[in-house]
Amino acid sequence: MCGIVAYLGKKQAYPILIKGLQRLEYRGYDSAGVALLNGDITVHKTKGKVSDLEEYVKDKKTDATVGIAHTRWATHGEPNFKNAHPHYSQSKNLAIIHNGIIENYSTLKEELISRGYNFESDTDTEVLINLIHDIQDKEGVDLEAAVRIALNQVIGAYAIVIVSNEHPNELIAARKGSPLVVGIGEGEFYLASDATPIVEYTKNVVYLEDEEVAYLKLGEDLQIRTIKNQTKTPYIQELEWNLGQLEKEGYDHFMLKEIYEQPKSILDSMRGRLNAAKGIVSLGGIVDYEQKLLNADRIIMIACGTSWHAALVGEYLFEDLARIPVEVEYASEFRYRNPIIGEKDAVIAISQSGETADTLAAIELAKEKGATILGICNVVGSSIPRTTHAGTYTHAGPEIGVASTKAFTSQVTVLTLMALRMAQLKGTIPTSRFMQLLTELGSLPQKVEQQLKTEDNIIEISEEFQNASNFLYLGRGFNFPVALEGALKLKEISYIHAEGYPAAEMKHGPIALIDENMPVVFIAPKIGNYEKIVSNIQEVKARKGRVIAIVSEGDTIVKGMVDYTIEIPNTEEMFTPIIASIPLQKLAYYIAVLRGCNVDQPRNLAKSVTVE
Ligand code: G6P
């Protein structure tokens with residue numbers, strides 16, 4: 001939700017800021033802007049994408065070595081010119097970019113209006129910068145102090161960067177709830193919502209903690225103080241990412257690249273954790289918490305979006321393999337429903353970005369009640385891994401496409417490893433079976449590769465159904481969450497309405513929708529409840545529904561009944577979510593491309609949802 005970038009150094013700031021905004025565009029893209037400091041502060045901003053901003057700025061002067069920039073996902077006020085960031089203070093001496101929501105902004109705004117301030121935008125951000133200005137004025141303090149005093153009055157979330165024409169060699173930044181990373185170069189500083197805009201310039205970064213304010217001054221070391229004015233020692237970390245991971249590398253879209261990266265990302269999620277020959281599964285990050293998990297009354301998995309679907313697969317895996325009761329909760333529901341949770345419960349929070357506001361809030365709630373909290377996250381150094389007691393990274397690499405693909409299969413891989421480890425410790429499955437499962441799990445990257453290399457008919461199917469208005473996705477058991485995820489992928493990027501259902505539930509409602517215009521995608525591998533799903537397919541065909549079925553290699557029964565089949569390699573039923581989700585990602589991708597949709601940046605969505 002909103003991407004922020006800033007630069008302070010000796011290079012030209014504008015090209016760095018624009019490139020940075022492009023890297024962060026997955027966070028929001030309804031308006032964009034820059035503020036450049038060269039004597040005065042000049043703000044250029046426009047509705048639309050970063051490319052629109054570039055076009056708008058094309059003939060303007062951009063000479064400056066200090067600047068801040070923003071790409072927005074609207075919260076307060078519609079996406080238009082006046083609400084785009086950066087925002088000036090009324091004096092035009094200060095400009096700010098902001099990611100987050102100031103919840104008490106209307107009270108603060110009324111107060112400022114009564115003190116003679118006028119506002120050009122509908123945003124909470126403009127309120128904050130004028131509050132800072134007002135404190136400077138009223139209390140006669142310097143900007144550093146004014147920022148701290150203002151942030152003590154603010155309720156809500158923020159990552160902010162402020163530039164001042166009275167302090168041309170400085171930037172001030174702060175965070176609470178929304179992420180912010182400082183990059184430390186040679187005599188220069190970078191700031192960004194995540195490390196992607198920074199990685200090509202420096203690998204040395206500091207992730208700010210909540211309620212920390214960073215003071216960046218040319219020629220000085222980075223200084224950090226809390227909003228209560230306590231000095232903190234910056235903890236400099238080295239980035240593991242490389243630039244290639246942030247480029248499309250010949251693919252038309254990041255999403256397609258990320259789909260094709262899955263053999264590697266799944267392998268990376270297992271690397272150093274699975275030794276099938278020796279019967280070892282070990283997740284170093286949670287080793288000290290294994291007993292807590294094992295002895296927990298129940299495990300509650302909390303997540304949002306695609307990560308919630310991974311949690312559902314996790315529920316099936318943990319219950320089946322380790323016989324530990326699991327509940328899966330939408331983080332947004334959990335946090336507001338006074339849940340019964342205590343010290344004997346373990347919570348597993350799952351998040352690609354590690355920044356999702358609802359998931360973070362649900363973690364805080366469970367923590368207050370004494371539960372043990374573990375995380376499964378992709379982005380190293382993000383907020384969730386820093387809030388949980390322990391956790392495991394998925395190591396899927398940066399995921400840029402807004403619709404999650406490789407992060408999902410990596411989350412499921414890590415959950416599988418965890419469930420197998422619990423089963424081993426609990427002795428809930430015989431050793432021979434355990435060894436067999438480890439070997440099969442180890443073969444999944446090759447099977448996924450095989451699936452991706454197989455000449456399939458997904459483009460032909462996409463052409464056939466690109467104009468459909470609705471889709472149903474049906475699966476049973478482990479593949480019920482896959483049906484949900486397949487439907488989510490399609491609606492996210494193609495804007496076709498799609499619903500996922502447990503196949504047997506079809507007769508309790510969705511069957512009423514089926515006619516010759518309704519495409520129904522079945523996940524029907526030849527394992528588990530295969531016969532049952534064959535019956536469900538017959539029920540759809542009897543009503544003239546058009547069926548696309550994901551089937552096991554060599555299946556002839558379903559092939560003879562349906563309109564289209566897509567084959568997947570044979571595997572254990574519990575591992576099919578990892579393989580079967582891949583053709584569904586491709587189906588959504590090609591349909592969206594054929595419909596002319598912006599696959600990597602679907603309308604209204606953002607990759608990292610840092611507001612509730
Ligand atoms: C957004 C993204 C989804 C993602 C969800 C949860 O809605 O568009 O792709 O699944 O947030 O994000 P998280 O980073 O917590 O997994």
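Close-up 1. At 36% relative accessibility, K19 counts as partly exposed (buried means under 20% relative accessible area, exposed over 50%, and partly exposed in between, with a 1.4 Å probe and protein chains only). This is a predicted model, in which local features need pLDDT of at least 70 and side-chain atom pairs count only at pLDDT 80 or more, while totals for chains, interfaces and linings use all residues. Residues are numbered from 1 along each chain as its sequence is written, and side-chain values use heavy atoms, with hydrogens and water left out. The side chain of K19 meets that of E200 in a salt bridge, 2.9 Å from N to O (a salt bridge is a side-chain nitrogen of Lys or Arg within 4 Å of a carboxyl oxygen of Asp or Glu). K19 sits in helix 1 (residues 13-24) and E200 in the loop between strand 10 (189-192) and strand 11 (204-207), so the pair ties together parts that are 181 residues apart in sequence. Helices (H or I, at least four residues) and strands (E, at least two) are DSSP runs, numbered from the N terminus. E200 is partly exposed too, with a relative accessible area of 25%. Look around the pair as well: K19, R23, E200 and E247 are linked in a network of salt bridges.

**Close-up 2. A salt bridge between two loops, K82 with D122.** The closest N and O atoms of this pair are 3.3 Å apart. K82 lies in the loop between strand 4 (66-72) and strand 5 (87-88), and D122 in the loop between helix 3 (105-114) and helix 4 (124-139), so the bridge joins parts that are 40 residues apart in sequence. K82 is partly exposed at 34%, and D122 is partly exposed at 31% relative accessibility.

**Close-up 3. K541 meets D563.** Here the salt bridge spans 2.7 Å from N to O. K541 belongs to helix 17 (residues 530-542) and D563 to the loop between strand 26 (546-552) and strand 27 (564-568), 22 residues apart. The structure holds 34 salt bridges.

**Close-up 4. The tilted ring pair Y7 and Y190.** The structure holds nine aromatic pairs (rings of Phe, Tyr and Trp, the last by its six-membered ring, pair if their centres lie within 6.5 Å; planes under 30 degrees apart count as stacked, over 60 as edge-to-face and the rest as tilted). The ring centres of Y7 and Y190 are 5.1 Å apart and their planes stand at 55°, so this pair is tilted. Y7 is in strand 1 (residues 3-8) and Y190 in strand 10, 183 residues apart. Y7 is buried at 0% relative accessibility, and Y190 is buried at 2%.

**Close-up 5. The stacked rings of W308 and Y330.** These two rings are 3.9 Å apart from centre to centre, with 10° between the planes. W308 lies in helix 9 (residues 305-322) and Y330 in strand 19 (residues 326-330), so the pair ties together parts 22 residues apart in sequence. W308 is buried at 12% relative accessibility, whereas Y330 is partly exposed at 38%.

**Close-up 6. An aromatic cluster.** F465, F471, Y473 and Y564 form one aromatic cluster.
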